[in-house]
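Hi everyone, thanks for coming. Let me put the sequence and the structure up on the screen, and then we'll walk through the strands and helices together.

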Amino acid sequence: MVRAYTRKEYIRKIPGSRIVQYDMGNLSEEFPVKVSLAVKDPAHLSHNSLEAARIASNRFMQRRAGRMGYHLKIRVYPHHIVRENPMATGAGADRVQNGMRKSFGKSVSSEAVVKKNQRVLTIDTTKKNFLDAKESLRRASMKLPVSCKIVVDKGEELVK
């Protein structure tokens with residue numbers, strides 16, 4: 001299946017992604033617990049909402065576990081380019097604007113197209129920081145426009 005508006009070489013102006021980093025925390029250590037944030041329904045996640053979720057989750061984990069106590073990874077990339085047909089405003093706009101005639105739109109942002117149960121964020125951490133990782137992902141889910149669930153991928157026997 002070919003997705004619309006992902007071939008960047010054919011699109012002229014593409015706004016840059018707001019996502020600053022995809023990997024944060026301790027990138028070298030192996031952690032025993034892996035917790036992920038999965039979406040419940042198919043959705044389009046904008047680069048703004050992904051960055052807001054990253055900031056909320058990363059800030060909480062940094063305060064609780066320290067800089068080296070976790071590894072946070074964003075697992076989706078905003079490939080899909082969103083187009084919008086901007087309407088003219090102000091005096092005389094009705095004489096300038098054509099409405100939706102021949103409208104194609106200008107690219108305004110990018111978004112990640114995610115499927116049902118796809119993992120968006122993953123935190124690797126220690127057994128001690130497991131509850132903090134869950135709370136961190138809960139806070140990140142508030143920034144996303146779709147309902148999410150927290151899934152324990154690795155270390156269920158350590159946590160129980």
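**Strands first, then helices**

Let's begin with β1 and strand β4 (residues 70-74), which are antiparallel and joined by 3 bridges. Gly25 sits opposite His71 in β4.

Before I go on, a quick word on where this comes from: this is a predicted model, where local features need pLDDT of at least 70, side-chain atom pairs count only at pLDDT 80 or more, and totals for chains, interfaces and linings use all residues. Residues are numbered from 1 along each chain as its sequence is written, and side-chain values use heavy atoms, with hydrogens and water left out.

On terms, helices (H or I, at least four residues) and strands (E, at least two) are DSSP runs, numbered from the N terminus. Two strands pair if DSSP finds at least two bridges between them.

Now, back to the sheet. It is an open one of 5 strands, in the order β1-β4-β7-β2-β8, with antiparallel pairing. Which strands stand at the edges? Those are β1 (23-25) and β8 (148-154); each has a single partner strand, so one side of each is left without a neighbour in the sheet. On average, and ignoring direction, neighbouring strands here are turned by 20° against each other.

What packs on this sheet? Helix α1 does, touching β1, β4 and β7 (119-125), and its direction makes about 175° with that of β4. Angles run from 0 to 180 degrees between N-to-C directions, and axes are lines fitted to C-alpha atoms, for helices over the stretch in contact. Helix α3, meanwhile, lies across β2 (33-39), β7 and β8, and runs at about 20° to β2.

The two helices also meet each other. α1 (residues 47-65) and α3 (residues 130-141) pack at an angle of about 155°, their axes 8 Å apart. That makes them roughly antiparallel, a word we use for angles over 145 degrees. On the α1 side, the contact (heavy atoms within 4.5 Å) includes Ala53, Phe60 and Met61; on the α3 side, Ala133, Leu137 and Arg139 are among the residues involved.

Finally, some pairing elsewhere: β6 (residues 106-114) has two antiparallel partners to point out. Strand β3 (residues 43-46) is joined to β6 by 4 bridges, with His44 partnered by Val113. Strand β5 (residues 80-84) is joined to β6 by 5 bridges, and there Glu84 stands opposite Lys106.

Definitions and conventions
Parallel < 35°, antiparallel > 145°, perpendicular 65-115°, else oblique.
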